[in-house]
Amino acid sequence: MPKDERLGEILLKENLITPKQFQDALKEAKEKNIRIGEALTSLGILKENEILQFLAKTYKLPSVNLEKVKLDPDVVRIIPADVARRHKLIAIRRTGPTLMVAMSDPTNLSAIDEINFLTGYNTEPVVALEHQIMKAIEEYYGIKEEQAPVVEKGFQEIFEGEEVGLEVIEEKEAEEGAEELKRAAEDAPVVKFVNKLIHDAVRLKASDIHMEPYEKEFRIRLRIDGVLQEVVKPPLKMKNAITSRVKIMSDMQLDEKRRPQDGRIKMRVGNNDIDMRVSCLPTVFGEKIVIRLLDKSNLQLDMTKLGFEEDQLKHFKEAINKPYGMVLITGPTGSGKTTTLYSALSELNKVDVNISTAEDPVEYNLPGINQVHIREDVGLSFAAALRAFLRQDPDIIMVGEIRDYETAEIAIKAALTGHLVLSTLHTNDAPSTVTRLLNMGIEPFLLTASLNLVGAQRLCRKICQNCKEEEKVSPKVLVELGMTPDEVEGLKIYRGRGCEKCNGGYKGRIAVYEIMPLYEELKELILNNASAGELKKAGIALGMKTLRRSALNKLKEGLVDIKEVIRVTAAD
């Protein structure tokens, strides 16, 4: 069925416009970078109400001219901004349990189902022109002044706006032979834009900035609370200048565009010194840049605030306070493993212990701890660093990641010879970590003798407490998620509506944990080559809370919503 992109073809087929008018509209749309519906009206070929009447007749639905309707911002924000943009729709009226939604494609049943689930309302679609919907989305959602000025002000306004005071603490000269790129990168507007972008990313507590070149556009996204969000699309012609500016700041070779490069930037934003790791990757349409922002002021070292439940924290503290043995934290990239290990090291960091860490790379500098940056290119691998640590009279060793048999073997030997070893692995849950180490070639008797505890974790976005509201959820859904009928009875479930203080109903993140101490019963199972499933079943019987159960407990406490439980944890 017709969408705005194919509107011209449909109108042509219905003989409402001539082939010449269609070609003229296509040309106008391309030159002015507008949609074909706008082009047809701007050229005077058709009036907007004529197009709307045609769409209404085609879909057999009512139509609405959004330029003549004033919407209620609270009604608009019932639908999350990312959903509205993705499906090109906007909420225009709420009547009891029904939400009237203007759509460019009202036959999009998946969009209607998604809205019904997310909002709890029954969706009543009406037809609207796509360009009017997108204009209304920008007007009513926008990105608030509090949220992301870079985003909605548009490129030109950012250039003309007030200068942002950032001080680059370390910046080196560009390579010789790249004078033209260097001149473009040092133009005042480009410098101002990159500074403004970094400034806003830090203020929004973004963890990463993605600069992505494509064939016909150049987009910039921020990862906020673990989720990427598009914030601005600078003109394509500015791509090289912006990329070059970042490369100069991070001491990369400007004229090298065929190989990946890594660099770092250190800047002072407000009163904070921000370390940034920069990665440059050649793609088909240019160089993609990812900037990882490391703001020490965001580092949470108080483990009571990380998200541990009371019994989980007790087991974790007991494991890290043992004089020797190994504690492993597992989870995917970006699940907060390093923060958990740093909080453990912070608690253990006393004047009478020697702590050494091997990290790739060192993310935050911790006073009183000897941190080593892994450099595979010069032979300084995790295994090599571990061997060196054992000659440095250590008490506690932290290995950034166990990637291979050699590193695992040395870590286990260190744990067996009177050292406490902390490390991470990439596995899905705590029990599968054991089978992963066995598959690497570690002997079961060595593993049971050395391993104190395994923890798995994920990060959930927290509900904004400013716009928190009750959400109607079917008890059947909660039971299917893993709750008991007794738990569900009388339970209130919450979600964030979305307000000027948050990011689509979410503000901040909290970890959910699966903590598995190595009980004697589990050691017996490991020695008998039990599977991960058998270990999990035994762990639950011994009181282990799975990731899903921990997330459901956070749901019951009103800290997270159902979408986050489903997004970050798998059913048991």
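This is a predicted model: local features need pLDDT of at least 70, side-chain atom pairs count only at pLDDT 80 or more; totals for chains, interfaces and linings use all residues.
Visitor: Why is Ser381 called buried?

Guide: Buried means under 20% relative accessible area, exposed over 50%, and partly exposed in between, with a 1.4 Å probe and protein chains only. Ser381 has 18% relative accessibility, and therefore counts as buried. Ser381 belongs to the loop between β13 (370-373) and α16, where helices (H or I, at least four residues) and strands (E, at least two) are DSSP runs, numbered from the N terminus.

Visitor: What makes the pair Ser381 and Ala384 a polar contact?

Guide: A polar contact is a pair of N or O atoms within 3.5 Å; within protein, one must be able to donate a hydrogen and the other to accept it, and residues adjacent in sequence count only if both atoms are side-chain atoms. A polar atom of the Ser381 side chain lies 3.2 Å from the backbone nitrogen of Ala384. Leaving aside residues up to four places away in sequence, Ser381 also touches Ile374 and Glu376, contact meaning heavy atoms within 4.5 Å.

Visitor: How do you know that the length of helix α17 agrees with expectation?

Guide: The expected span of a helix is 1.5 Å times one less than its number of residues. For the twelve residues of α17 (residues 405-416) this should give 16 Å, and because the end C-alpha atoms are 16 Å apart, the two values agree. The buried residues of α17 are Thr407, Ala408, Ile410, Ala411, Ile412, Ala414 and Ala415, and what covers them includes β11 (325-330), β15 (420-425) and α18 (430-440).

Visitor: Why is α18 called mostly covered?

Guide: Eight of the eleven residues of α18 are buried, among them Pro431, Val434, Leu437 and Met440. After α18 comes Gly441, with a positive phi near 120°.

Visitor: Which residues other than glycine have a positive phi, and how exposed are they?

Guide: Most residues other than glycine have a negative phi, and most peptide bonds are trans. Lys60, in the loop between α4 and α5, has a positive phi near 60°, and Lys60 is exposed because its relative accessible area is 73%. Asp251 has a positive phi of about 60°, and at 38% relative accessibility Asp251 therefore counts as partly exposed.

Visitor: Where is a cis peptide bond found?

Guide: A cis peptide bond joins Asp360 and Pro361, with omega about -5°, and Pro361 lies in the loop between β12 (355-359) and β13.

Visitor: How do you know that Val64 is buried or exposed?

Guide: The relative accessible area of Val64 is 12%, so Val64 is buried. The residues that Val64 touches, not counting those up to four places away in sequence, include Leu52, Ile92, Ala102 and Val126. Between the C-alpha atoms of Val64 and Ile92, which are 28 residues apart along the chain, the separation is 9.5 Å.

Technical notes:
Residues are numbered from 1 along each chain as its sequence is written. Side-chain values use heavy atoms; hydrogens and water are left out.
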